[in-house]
Amino acid sequence: MPNIVVFVEQHAGKPARAALECLGAARACGGSVCAVVAGAGADAAAAGLGRFGAAKAVVLQGGAASSDALAADLAAIAREQGAQAFLCAATSSGRDLAPRVAALLDSTLFSDCTALSAQANSFSAVRPWLAGKAIATLASSAPVFCATTRPNVFAAAEGSGTAEIVARAASTGGKAQVTGSAAKPGGKLDVKEAPVVVSGGRGMKGPENFGLIEELAAAFGNAATGASRAVVDAGWRPHAEQVGQTGKTVAPQLYVAVGISGAIQHLAGMRTSKVIVAINKDPDAPIFKIADYGIVGDAFEIVPALAQAVRELKAHK
Amino acid sequence: MKIVACIKRVPTTEAQVKVAADQKGLDTAGLPWMTSFYDEIAVEEAIRTKEKHGGDVTVLTLGPAEASKDVREFLARGADAGAILKDEQWHARDARATARILCERISKSGAELVFLGRIATDRDNSAVGAMLATYLGWACVSDVVALEISGTQCTARRETEHAIETVSFLLPAVITCQKGLNEPRRANLKGIMAAKSKPIPEEAFTDVANQQQVLKVEPPPARKPGRIVGEGAAAVPALMQALRNEAGVI
């Protein structure tokens, strides 16, 4: 049975949902899971991790706001635990940390995995190539299997276990220090983690019309706003919203594409969404080929009507 | 200051890719190639850093002989030198092997600053930059959208899902570049002419074995055929019905 070390990202004492999913993925590999939590609020975040499958939770106390210092601690813990695997969620902090931990363990990294399996102590991973244009199943012969798990893919398994909590002094120092952090305006959900994504494309005709996209996202309540490459390149929307091969790959429960024709590189970035809705005036737009449900017509009429219908539904729930 | 910018030759983002008959990789016959999107931003930042602080820029790639075309494009844009670590199997290397091969070359180069794209748009690992920095023992900031250098003291801003972080570090360092850091220039005619005669040496390297074995590569699963629920705003109730009762997503 493998020992698996999982870095659990937390914010103000609350574990990130993607991190709980990663614990679920680790637990499903059949191993004994040691969670590691760091930063302000780590104690509070660690307290409930037993319920999500951790047998042990190491709380790093103090320490520097430094990715390389944290990676050094994670690699040291993986060694001490005799870990056969190190996992974290493929969030921006996980993507920043995991390659450092992997290199310290002289192991390659399997990023943004959509499935993991362990037989005895040998691991394999399924991960998309080219933003999902091909799907690769890969075996690992690394000394420690290091991987990041794609958010919204694995199930967090809530049970009734308790984790042994172990405090550990974090490393100080670090070559690069985070000296400031400015929250993005509005505390908006990111396209990678939102259960619903509403994206707009060139069919929105101009940046002034994206209020409609935001209105529909607000109606859902749990939606992020996304954009096609064309509108990001035109400067209508920030690049953080770009969905596609040169933006973000997303897999929400519901993806609503408004005025997006469906360039190959956009489709690659959202085709694993559970349900895809397309609204486009061109009935021959490629987006309709992968959409589950389509409405042909004028987005400027359809989107406000859809927002109103969603609001009414939510009001009656 | 000696600066290195690493680039990778990848299939174009508009390319439809096919899986090879043996299901162990991609069918590369007739596949159109380009420099990975974010690596273009990396080379641009290297050139801008040189223009501001002095030094020289070497464009380095682990790749096939044909990558000289990609390297020459960046010589035309203002890079000083190029080198190819010649490898016909570059796309099949795992992240660790790629990072270790680049590390060997860069640690001998006298470079203090290395730029790479935040992710290569073929294998999407987003790992080589931070692994390279770790093997070199250098500072690394990933997903950088702004960079300031003053002597050896540097400040970068990096983008996360929720925030823009400010990170302080000293050279030597590895920077992985996010969209928004700069707008890559085009080569001018003078640059193109000057680049034509520049040598782009092909270099050998110490081989590093993969720790990743490809078991199977498949096309993505086909989506179930969908349907048009109607036209115009009148179709909204039908869509809501489908999302609630069939799909169960709202």
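Helix α4 (residues 128-136) of chain B is largely enclosed by the rest of the structure, because nine of its nine residues are buried. A residue is called buried if 20 or more other C-beta atoms lie within 10 Å of its own, exposed if 12 or fewer, and partly exposed in between, with C-beta atoms placed from the backbone. Helices (H or I, at least four residues) and strands (E, at least two) are DSSP runs, numbered from the N terminus. The model is predicted: local features need pLDDT of at least 70, side-chain atom pairs count only at pLDDT 80 or more, and totals for chains, interfaces and linings use all residues. Residues are numbered from 1 along each chain as its sequence is written, while chains are lettered from A and ligands numbered from 1 in the order in which they are written.

The buried residues of α4(B) are B:V128, B:G129, B:A130, B:M131, B:L132, B:A133, B:T134, B:Y135 and B:L136. Their cover comes from both chains: it includes α4 (92-104) of chain A, and from chain B α3 (95-107), β8 (113-117), β9 (139-150) and β12 (173-177). Just after the helix, B:G137 has a positive phi of about 80°.

**The two chains**

The table sets out the overall values for each chain.

| Chain | Helices and strands | Span of C-alpha trace along principal axes | Buried residues |
|---|---|---|---|
| Chain A | nine helices and 18 strands | about 60 × 40 × 35 Å | 61% of 317 residues |
| Chain B | six helices and 15 strands | about 65 × 45 × 40 Å | 48% of 250 residues |

Two residues are in contact if their C-beta atoms, placed from the backbone, lie within 7 Å. In chain A, 67% of the contacts between residues at least 6 apart in sequence join residues at least 24 apart. In chain B, residues 24 or more positions apart make up 70% of the contacts with a separation of 6 or more.

**Domains**

Domain bounds come from an automatic or database domain assignment. Chain A is divided into domain 1 (3-169) and domain 2 (185-316). The centres of domain 1 and domain 2 of chain A, taken over C-alpha atoms, are separated by 31 Å. Nine residues of domain 1 of chain A are in contact with 10 residues of domain 2 of chain A. On the domain 1 side of chain A, the touching residues divide into five nonpolar, two polar and two charged. Here Ala, Val, Leu, Ile, Met, Phe, Trp, Tyr, Cys and Pro count as nonpolar, Asp, Glu, Lys and Arg as charged, and the others, Gly among them, as polar.

For chain B the assignment gives domain 1 (2-203) and domain 2 (222-250), and the C-alpha centres of these two domains of chain B lie 44 Å apart.

**A sheet in chain A**

Chain A holds an open sheet of seven strands in the order β7-β11-β6-β1-β4-β5-β12, with parallel pairing. Two strands pair if DSSP finds at least two bridges between them. The edge strands are β7 (109-113) and β12 (164-169) of chain A, each of which pairs on one side only. Neighbouring strands of the sheet are turned by 20° against each other on average, direction ignored. Axes are lines fitted to C-alpha atoms, for helices over the stretch in contact, and angles run from 0 to 180 degrees between N-to-C directions.

Three bridges join β7(A) to strand β11 (residues 145-149) of chain A in the parallel sense, and A:L109 has A:C146 in β11(A) as its bridge partner. Helix α4(A) packs on the sheet, touching β1 (3-7), β6 (85-89), β7 and β11 of chain A, and its direction makes about 175° with that of β11(A).

**Where the chains meet**

The contact between the chains takes 74 residues from chain A and 69 residues from chain B. On the chain B side, the elements that give two or more residues are α3, α4, β9, β11 (163-170), β14 (212-218), β15 (227-231) and α6 (236-246). The residues of this side of chain B divide into 35 nonpolar, 18 polar and 16 charged.

Strand pairing also crosses between the chains: strand β18 (residues 293-296) of chain A is joined to β15(B) by four bridges, and the two run parallel. In this pair A:G294 stands opposite B:I228.
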